[in-house]
Amino acid sequence: MRRIIYRSLAAPALDKAEMFRLVYHARMANEAKGLSGVLLQCEQHLLQILEGETWKLFAAFEAIRRDPRHTAVEVMFERSIPQATFPHWPMRYFDERHIAKALTLMQAEAGGPLCSPVEEAVRAFFVEGFAAHETVRPSRPGAARPSFPRLC
Ligand SMILES: Cc1cc2nc3c(=O)[nH]c(=O)nc-3n(C[C@H](O)[C@H](O)[C@H](O)COP(=O)(O)O)c2cc1C
C-alpha cells in the first residue's frame, strides 16, 4: 500500500462541468483498481491524495501526471503506508464551497485525527486557499485545525 500526495494547477478547460465528469470517471476507475483518496480544489489550485496498491497507484498517477487538464504537477509525498486513510472513498471531491467541512469529514472517514503527512498537506492547502479566496472560512473557529496528528 502506497500514498501519493501532489498538487497542481487546473487548466482553464477544467471547468466545473469537466471536473464533474473527471471525478465521476475517476471514481469508477479507482473503485475497479482498489484506489481511494481525496481531491481538493480551491479556485485553480488542486491537491490530490491517492492511495492503493503500489503498481496500480503508479500506473494511475502516470496517467494523471500527463493529463493536460492540469499543469505544474508537484509531488509532495510518496511513500509506503500501512493502510488506506480513506478506504471507502474512491475519490471524494471538495471544492472551495465545501472546503470548510472537508477536514471534519476527512477525519470522520479516517476514524480520528489525520496522520501527519496528510494533515500537513491539507492544512497548507487550506491556508493558501483561505488566503486566496477571502470568502472561504472554516465553519467555526478552530474547525479546520485537527489536534494530535497520527503517525503513519
Ligand atoms: C486533477 C486530476 C485528478 C485525476 N484523478 C484521477 C483518479 O483519481 N483516478 C483516475 O483513474 N483518473 C484520474 N484522473 C484522470 C486521468 O488523468 C486519466 O484521464 C484517466 O486515468 C484515464 O487515462 P487513460 O485515458 O490513459 O486511460 C485525474 C485527472 C486530473 C486532471
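Three elements, helix 1 (16-33), strand 3 (45-52) and helix 2 (54-66), each supply at least two residues of the shell around the ligand. Helices here are DSSP runs of H or I with at least four residues, strands are runs of E with at least two, and both are numbered from the N terminus. What you see above is a predicted model, in which local features need pLDDT of at least 70, side-chain atom pairs count only at pLDDT 80 or more, and totals for chains, interfaces and linings use all residues. Residues are numbered from 1 along each chain as its sequence is written.

I will stay with the ligand for a moment. How many residues surround the ligand? There are 15, and the closest are Ala26, Ala29, Ala63, Ile64 and Asp67. A residue is near the molecule if its C-beta atom, placed from the backbone, lies within 6 Å of it. Helix 1 gives the most to this shell, with four residues. By type, the shell has 10 nonpolar, three polar and two charged residues. Nonpolar means Ala, Val, Leu, Ile, Met, Phe, Trp, Tyr, Cys and Pro; charged means Asp, Glu, Lys and Arg; the others, Gly among them, are polar.

Now the overall layout. The chain has four helices and five strands, and along the sequence they follow the pattern β-α-β-β-α-β-β-α-α. The five strands form an open sheet in the order 4-1-3-2-5, with mixed pairing. Strand 4 (70-80) and strand 5 (92-94) stand at the edges with a single partner strand each, so one side of each has no neighbour in the sheet. On average, neighbouring strands of this sheet are turned by 15 degrees against each other, direction ignored. Two strands pair if DSSP finds at least two bridges between them.

Next, strand 3. Which strands does strand 3 run antiparallel to? One is strand 1 (residues 2-10), joined to strand 3 by eight bridges. Among the bridge partners, Ile4 goes with Leu50 of strand 3, and Ser8 goes with Leu46. The other is strand 2 (residues 36-42), joined to strand 3 by seven bridges, where Leu40 has Leu47 as its partner.

Is strand 3 mostly covered or open? Strand 3 is mostly covered, with seven of its eight residues buried. Buried means that 20 or more other C-beta atoms lie within 10 Å of the residue's own, exposed means 12 or fewer, and partly exposed is in between, with C-beta atoms placed from the backbone. Helix 2 lies across strand 1, strand 3 and strand 4, and runs at about 155 degrees to strand 3. Such angles run from 0 to 180 degrees between N-to-C directions, and the axes are lines fitted to C-alpha atoms, for helices over the stretch in contact.

Ala10 lies in strand 1 and counts as partly exposed because it has 19 C-beta neighbours inside 10 Å. Leaving out residues up to four places away in sequence, Ala10 touches Gln41, Gln44, Leu46, Arg69 and His70. Contact means that two C-beta atoms, placed from the backbone, lie within 7 Å. The C-alpha atoms of Ala10 and Pro68 are separated by 9.0 Å, although these residues are 58 apart along the chain.

The other two residues concern phi. Most residues other than glycine have a negative phi. Glu43, in the loop between strand 2 and strand 3, has a positive phi near 55 degrees. That hairpin has two residues between the strands. Glu43 counts as partly exposed, with 14 C-beta neighbours inside 10 Å. Ala72, in strand 4, has a positive phi of about 50 degrees although it is not a glycine. Ala72 is also partly exposed, with 13 C-beta neighbours inside 10 Å.

Last, confidence. The chain has a mean pLDDT of 87, and 84% of its residues reach 70 or more; pLDDT is the predictor's confidence in each residue, from 0 to 100. Over residues 144-152 the pLDDT is below 50, and beyond near neighbours in sequence this stretch has 25 contacts in the model. Where pLDDT is low, the predicted coordinates should not be read in detail.
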